[in-house]
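Trainee: I would like a close look at a single part of this protein. Please take me through it piece by piece.

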Amino acid sequence: DYRTKITLPGGDVEQKPTVIEQFAYADTWADGTASYLAMIVPRLCLMRELLSERGSIFVHLDYHVSHYVKLVMDEILGRDNFRNEIVVKRRITKNLQRQFDTIESLNAAHDTLMWFSKVDAHRFKPVAVPMETNKPEGYWHHFWSNADRPTMRYELLGVTPTEGQWKWSRERAEEAVANYKRFLAGGKGRMLVDYWQDTGGELEFIRLSERGKVENWFPPATERIADTIWLDIHAYENEKDYATQKHPELLERIVELGSGEGGLVADIFAGSGTTAAVAEKLGRHWIVCDLGKPACMIMRKRLIDQNAQPFLFQAIGDYQVEAARSTLGRKFRVGDLSQVVLKLYGALPLAPEDNPNRNLGKMPQSRALVFVDSPQKLTGLATLKRAQELRGSLLGGWDNVVVLGWNFTADIGHVIAGLNDPKLEVLVIPPDLLDRLKKKGDKLTAQEVRFSSLQYVTVKPIQRKTLASGEALTVELDNYVLLSPDALNLEPKDKERLRAVVNRDPLALIEYWSVDPDYDGELFRSVWQDYRGNADDDRDPLHVVRKALLSGLPVKSGTRRVCVRVVDVFGFEAEVVKTV
C-alpha cells in the first residue's frame with residue numbers, strides 16, 4: 001500500500017500514494033511477474049550502459065522473483081560476468097510453539113543478492129567478517145603427534161611435550177606464533193587461520209601444563225574473509241521509515257566489496273536513502289533517485305542529519321505520461337490528456353487549426369484563455385511567458401489567461417510574483433486526477449474536480465547586520481499556504497483534520513526549510529536548515545524552528561538576494577526570494 005503516516009498537532013493523517021507512486025507500484029505488478037520483468041529489464045539494460053568498465057551491479061530480491069531476474073541478468077550482463085549469489089539473513093524466527101502449530105512450509109529466512117560485473121576485470125576488495133565458532137571456552141586441538149620423532153620434541157610457548165612431539169617443525173611453529181602475536185597487537189602480521197587435515201578445526205595455540213591441562217592459550221582468529229553466506233547481518237532494518245528499508249550494514253558490505261574510496265555508487269530505487277547515507281559515510285560519491293516525494297524528503301533530511309557534504313537535489317520529471325497510458329490506453333497522446341483536463345476545468349477546446357497541440361481552451365461566455373501545460377515538464381517561467389504571449393496574440397487577444405500545471409519548478413512562487421500580472425492565474429491540476437479517471441472514466445464531472453492555487457511561503461522582513469565576525473541575517477517564517485486538502489490524496493476524515501491544522505497552525509505543515517543568503521537564481525545553496533524532529537535546535541518534534549540566525553557570513557557590499565525554500569509534510573516545495 002505504501003501509505004505515508006504524517007504526524008501533525010491534533011493527530012495523524014495518512015497520505016495515500018500519489019498517482020505517480022500508484023502507477024509505478026500497480027503497473028509493475030498488473031500482470032504478475034511478467035509486468036515486473038517488463039519494468040526491470042529496460043532499467044537493467046540502462047544500468048549496464050551507465051556502468052563503469054570495472055563496475056558491478058548488485059540486485060537484492062526475495063524468493064518471489066530472484067530466479068527470474070537471474071536469467072534476465074545472464075542475458076543482459078552475460079553469464080560469464082556472474083560473480084556470486086549471496087544469501088542474506090532476512091529475520092529472526094520467533095514464537096516457536098505457535099509455528100509448530102500453524103506452519104505449512106519452511107519460513108523464508110533469507111533474501112538473495114546477485115552480483116554481476118560488467119567485465120571480468122572488475123574491481124573487488126575482500127572484506128573481513130566475524131569468525132563463527134561454537135567451541136566451548138578452553139577448547140583446544142592436540143598440537144602434537146604420537147609418532148616417535150625426537151626432532152619434533154622442542155620447547156614452544158614454554159612447553160616441551162613429555163609424550164609424543166609437536167606436529168610442526170620448530171621453524172614453522174615459531175613463525176606462526178610470531179605472525180599471530182603481530183596480528184593480535186595490530187601490527188602487519190597476517191591473521192593466521194590454518195585447517196588440520198585430520199580434524200578440520202582452526203589452529204589454536206595452547207599452553208599446556210605437563211599434566212595436559214590448559215593454563216592459557218592464544219585465542220582463535222576472530223575474523224575471516226566473507227563468503228557467500230551472510231549470517232552476521234540482516235537484510236532489513238525494521239521499525240524505520242519503510243518496511244523494506246535496507247540495513248546499513250548490508251549496504252556497507254556491498255559498497256566496500258564493489259567500490260573504492262572516492263568511487264561512484266548509484267541506486268535508482270533509493271527508497272529511504274540508505275545507499276546514499278552509507279556511501280557518504282564511506283567516502284564515496286553517490287547518485288540516488290526515487291519517484292516518491294516522501295522518499296526524497298526522508299533522504300534529504302537523513303543526509304543533512306549526518307552532516308553530509310553539499311549535494312544537489314534535483315527534480316527531473318515524473319511518470320505522468322506512462323500513468324495516463326495506463327488509464328487512457330496505449331494509444332494515448334499528451335493532447336488527449338489536455339483535452340480531458342480542459343473539459344474537467346469547464347473550458348471548451350479551441351478549434352484544431354488554432355490549437356495544434358490540443359492544450360488550449362476558452363471559458364464559456366468570457367474572454368479567458370486556458371492553457372494546459374504538458375505533464376512531461378515542470379511548469380516555470382518559460383511556460384508562463386508563453387501563456388502571456390498567447391493571451392496577447394492568439395485570435396485577437398484575451399482578457400486573461402489561466403495556466404493549469406501538473407508539476408512546478410521550485411521557484412514558481414517567485415516567478416509569479418516577479419511577473420506581477422493580475423491577468424495571469426496559475427492553478428494546480430489535482431495530483432490524484434489520473435487515479436480518479438481510472439476509477440470513474442467519463443463519469444467524472446467538473447463539479448467533482450478542484451483546481452487549487454499553488455502552495456507558497458512568506459517570511460517576515462529579513463534583518464541584516466554587519467558585525468566584527470562578518471555579516472549576520474535573521475530570517476523568520478511568516479506563513480505557509482498549502483494546496484487545498486481537496487487536492488490531496490487523503491481520506492475524508494484526514495482532510496478535515498488537515499483543514500483544522502491549516503486554519504490554526506499553518507507553519508506546522510512545514511517539514512523542512514533552508515536558507516541560501518546569496519541566491520544566484522539557478523542553483524540553491526543551503527547554508528542553514530532545520531527540520532521537524534531535529535533535537536539540536538528545539539525539543540518540539542512537530543514543528544521546525546521559525547527563526548534562522550545566520551552569522552559569520554562574508555561581508556558583501558550592496559544588496560543580498562536571500563532565498564528561503566520549504567518542503568511541507570506532503571513533499572511539496574515552495575520558495576520565496578527577498579532582496580535585502
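Mentor: A residue counts as buried when its relative accessible area is under 20%. Keep that cut-off in mind. The model is predicted.

Start with Tyr 36. This residue is found in helix H2, which covers residues 33-50. Its relative accessibility is 10%, so Tyr 36 counts as buried. What does Tyr 36 touch, leaving out residues up to four places away in sequence? The list is Thr 28, Trp 29, Leu 61, Val 65 and Val 69. Take Val 65 from that list. Tyr 36 and Val 65 are 29 residues apart along the chain, yet their C-alpha atoms are separated by 8.6 Å.

Now the strands. Strand S19 spans residues 400-405 and is mostly covered. Five of its six residues are buried. S19 pairs with strand S17, residues 368-372, in the parallel sense. That pairing runs over five bridges. S19 also pairs with strand S21, residues 424-428. Here too the sense is parallel, over five bridges. Follow Val 403 through both pairings. Val 403 of S19 is the bridge partner of Phe 371. Val 403 also stands opposite Val 426 in S21.

Next, a pair of helices. H11 holds residues 381-393, and H12 holds residues 412-419. Their axes come within 10 Å and cross at roughly 35°. The crossing is right-handed. H11 brings Leu 381, Leu 384 and Gln 388 to the contact. H12 brings Ile 412, Val 415, Ile 416 and Leu 419. Sorted by type, the residues of this contact are six nonpolar, one polar and no charged.

H10 covers residues 334-345, and H13 covers residues 433-440. Their axes come within 12 Å. How do H10 and H13 lie to each other, parallel or perpendicular? The axes cross at roughly 90°. H10 and H13 are therefore roughly perpendicular. On the H10 side, the contact residues are Leu 337, Val 340, Val 341 and Leu 344. They meet Leu 433, Leu 434 and Leu 437 of H13. This contact divides into seven nonpolar residues, no polar and no charged.

To recap, go back to three places in the view. Find Tyr 36, buried at 10% relative accessibility. Find Val 403, opposite Val 426 in S21. Then find the H10 and H13 axes, crossing at roughly 90°.

How values were computed. Residues are numbered from 1 along each chain as its sequence is written. This is a predicted model: local features need pLDDT of at least 70, side-chain atom pairs count only at pLDDT 80 or more; totals for chains, interfaces and linings use all residues. Side-chain values use heavy atoms; hydrogens and water are left out. Axes are lines fitted to C-alpha atoms, for helices over the stretch in contact, and angles run from 0 to 180 degrees between N-to-C directions. Helices (H or I, at least four residues) and strands (E, at least two) are DSSP runs, numbered from the N terminus. A crossing is left-handed if the near helix is turned anticlockwise from the far one by less than a right angle, and right-handed if clockwise. Contact means heavy atoms within 4.5 Å. Ala, Val, Leu, Ile, Met, Phe, Trp, Tyr, Cys and Pro count as nonpolar, Asp, Glu, Lys and Arg as charged, and the others, Gly among them, as polar. Buried means under 20% relative accessible area, exposed over 50%, partly exposed in between (1.4 Å probe, protein chains only). Two strands pair if DSSP finds at least two bridges between them. Angles under 35 degrees count as roughly parallel, over 145 as roughly antiparallel, 65 to 115 as roughly perpendicular and the rest as oblique.
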